Amino acid sequence: CASLLKRDSTRPLERNVMTQQPTNSGRELAHRAGDGIDVSLYWNERTNRITVRVYDARADEAFELDVEGDRALDAFHHPFAYAATVRAGEGEVALS
């Protein structure tokens, strides 16, 4: 499941600043940034939930993907392709 988030433009730009509280407060396992896009991989030890969070500074949009453990690195390295695959019918994505 993915959700579209907006950055709070009244606050200084910081990595992963969003107006909506992320649904996963887990441990950041990996992070990469380039060309205005930040991608983070999170794991919640309590729920064993894995998520990939993406923030595109150029579009001022963000989304979060729930991923299976065996697909976590694929989703982290290719989050837009993974989200498109999920939307195409391999899973459910809720963009709002």
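Here are some friendly notes on the predicted model shown above, as numbered points.

1. A word on the ground rules. This is a predicted model in which local features need pLDDT of at least 70, side-chain atom pairs count only at pLDDT 80 or more, and totals for chains, interfaces and linings use all residues. Residues are numbered from 1 along each chain as its sequence is written, and side-chain values use heavy atoms, with hydrogens and water left out.

2. The protein chain has five strands and two helices, and from the N terminus they follow the order β-β-β-β-β-α-α. Helices (H or I, at least four residues) and strands (E, at least two) are DSSP runs, numbered from the N terminus.

3. Next, burial and surface. Of the 96 residues in the protein chain, 36% are buried; buried means under 20% relative accessible area, exposed over 50%, and partly exposed in between, with a 1.4 Å probe and protein chains only.

4. Among contacts in the protein chain with a separation of 6 or more, 37% are between residues 24 or more positions apart, where contact means heavy atoms within 4.5 Å.

5. Please look closely at β4 and β5. The two strands pair in the antiparallel sense over seven bridges; strands pair if DSSP finds at least two bridges between them. V54 has F63 in β5 as its bridge partner. Four residues lie between the strands of this hairpin, and D60 takes a positive phi near 55° there. Five of the seven residues of β5 are buried, so this strand is largely enclosed by the rest of the structure.

6. The whole structure holds seven salt bridges, each a side-chain nitrogen of Lys or Arg within 4 Å of a carboxyl oxygen of Asp or Glu. One of them joins R53 and E64, with the closest N and O atoms 3.1 Å apart. R53 sits in strand β4 and E64 in strand β5 (residues 61-67), so the pair ties together parts eleven residues apart in sequence.

7. Another salt bridge brings R27 and E45 together at 3.8 Å, N to O. R27 belongs to strand β2 (residues 27-34), while E45 is in the loop between β3 (37-44) and β4 (49-56), 18 residues apart. R27 is partly exposed at 47% relative accessibility, whereas E45 is exposed at 57%.

8. Finally, the rings. One aromatic pair is counted, and it is formed by F63 and F80, edge-to-face, at 5.5 Å centre to centre with 70° between the planes. F63 is in strand β5 and F80 in helix α2 (residues 79-90), 17 residues apart. Rings of Phe, Tyr and Trp (its six-membered ring) pair if their centres lie within 6.5 Å; planes under 30 degrees apart count as stacked, over 60 as edge-to-face and the rest as tilted. F63 is buried at 10% relative accessible area, and F80 is partly exposed at 41%.

9. Two arginines also lie over ring faces: R53 over Y42, at 3.8 Å from the ring centre, and R32 over F76, at 5.4 Å. A charge sits over a ring if NZ of Lys or CZ of Arg is within 6 Å of the ring centre and within 35 degrees of the ring normal.
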